[in-house]
Amino acid sequence: GQKAGAKLLFVHYCKIEITVVYSIACFGRTEVIDNTLNPDFVRKYILDYFFEEKQNLLGSPGSHLEKPLGGIPGKNCGTIILTAEELGNCRDCATMQFCANKLDKKDFFGRSDPFMMFYRSNEDGTFTICHKTEVVKNTLNPVWQPFTIPVRALCNGDYDRSIKVEVYDWDRDGSHDFIGEFTTSYRELSRGQSQFNVYEMWFVLICWCKPSVLCCSITQVTLLSFLVEAEHTFLDYIKAGYGRKYTQSPSWNPSQSTSLHYMNPYQMNAYAMALKAVGEIIQDYDSDKMFPALGFGAKIPPDGRVSHEFPLNGNVDNPYCNGMEGILEAYHESLKTVQLYGPTNFAPVINHVARYAAAVQDGSQYFVLLIITDGVISDMAQTKEAIVNAAKLPMSIIIVGVGQAEFDAMVELDGDDVRISSRGKLAERDIVQFVPFRDYMDRTGNHVLSMARLAKDVLAEIPDQLILYMKSRGIKPNQTPPDYSPPGLSPTPTV
């Protein structure tokens, strides 16, 4: 039987692309595989297993389930095959690189376009795909790029479990030509580059001048490098020291009841609700709970100049607020003194936070910028450039859209479907998460649950974004970073 708190790994086989629906909500989506009716998906889904709860995870005994696909009356839509296995606790990641020599020539014109497929053996003797390399075009002697894979995905922590590797020649129509295969194990691979990791593949050649004559030939696949590192989690970095958060709020006109900033004495407005919902979660990851809070898109006293990065507490030298209560107090006070004024520019406040993030890139600090906006943005090109530049720094950006405006620009900045770019340069990481506030308004008036869902969704990508930055810079959580003092600001935050 399964243990409480165990992890279940789900693997899906079906037509072209599927969306996994779990407990009504969308749980995940596979990659798209072109030109095939029998796809073998690589992407996996991990579900928590709880002994004390009823969970219809597979609906059949064992770890294998086949179900017919429906949706179109009177038509056979195919079959979906799901397999599941309890995950081991191994947290290592393996990075490896392969090359091959004298592969079989499969294309009539030109050479082969080879790629590799890695399969983990299952407890029932079947194999499940766990990695697919890139295609190296027009060569019989490919050198594939290094790739990193969790050890539990490769062998589920069983170092002697068989790993099957197949080599194919890529074809545009999806009918890839089989070149050869070999088997190995994690224990063998961990020996690194040696005679134990040179694998031979045999294939048959037809002599064109004498079709009745068959010739056997041999090709070699060689492991060039193998490196194992521990896969660090978000909590590992939190324990080692984590940085501060930035919050800010735009647009001001609180006197009118139609304003999104209207100060109702009986209920918080949308800006305050979003600030409180997200801030109450992230403040627990900052040791001193002192947060700089900025506003933009308003005329500020005493001279009425337009500003796109002014402190809510009115103190340019020390814009820090004490916890969420301090931020909300500064926000409410600022509503009485500033005046709404366009244009609304995002780039200045993003660049403001980026300057501090650029000053500390050793892993001792990670910055989160929360932008609450009504969807109007006047400097789209400059904002995209600011985000692309910020993607190289230890920071993430959360955007909460309030009101009933169209948020097409915000969706574009989110970059989930298309990675954001500027001047032909792609962002190094996806660092923006956008959610529309209206999707979380509970019609029954239960704001506690709706704001909890809002906070969960806007913060969902932060751990992975932090881990990706740390891994890309080779920063491990067991390294003790130096103390950080923000340039030109006081008091000094503690870590």
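**Close-up views of a predicted model**

View 1. Helix α10 spans residues 462-472, and its buried residues are I462, Q465, L466, I467, Y469 and M470. Here, buried means under 20% relative accessible area, exposed means over 50%, and partly exposed lies in between, using a 1.4 Å probe and protein chains only. Helices (H or I, at least four residues) and strands (E, at least two) are DSSP runs, numbered from the N terminus. After α10 comes G474, which has a positive phi near 65 degrees.

This is a predicted model, in which local features need pLDDT of at least 70 and side-chain atom pairs count only at pLDDT 80 or more, while totals for chains, interfaces and linings use all residues. Residues are numbered from 1 along each chain as its sequence is written, and side-chain values use heavy atoms, leaving out hydrogens and water.

**View 2. Helices α4 and α9 cross.** Look for α4 at residues 270-282 and α9 at residues 447-459: their axes come within 9 Å and cross at roughly 60 degrees. Axes are lines fitted to C-alpha atoms, for helices over the stretch in contact, with angles from 0 to 180 degrees between N-to-C directions. The two helices, α4 and α9, are therefore oblique to each other; angles under 35 degrees count as roughly parallel, over 145 as roughly antiparallel, 65 to 115 as roughly perpendicular and the rest as oblique. On the α4 side, the contact is made by M273, A274, A277, V278, I281 and I282, and on the α9 side by H447, M451, L454, A455, V458 and L459. Contact means heavy atoms within 4.5 Å. By class, the contact of α4 with α9 has 11 nonpolar residues, one polar and no charged. Ala, Val, Leu, Ile, Met, Phe, Trp, Tyr, Cys and Pro count as nonpolar, Asp, Glu, Lys and Arg as charged, and the others, Gly among them, as polar.

**View 3. Helices α6 and α7 meet.** The axes of α6 (residues 347-358) and α7 (residues 380-390) come within 9 Å and cross at roughly 15 degrees, so α6 and α7 are roughly parallel to each other. From α6, A347, I350 and N351 take part in the contact, and from α7, Q382, T383, A386 and I387. The contact of α6 with α7 has four nonpolar, three polar and no charged residues.

**View 4. The protein chain around these close-ups.** Stepping back, the protein chain has 10 helices and 26 strands. Of its 495 residues, 48% are buried.
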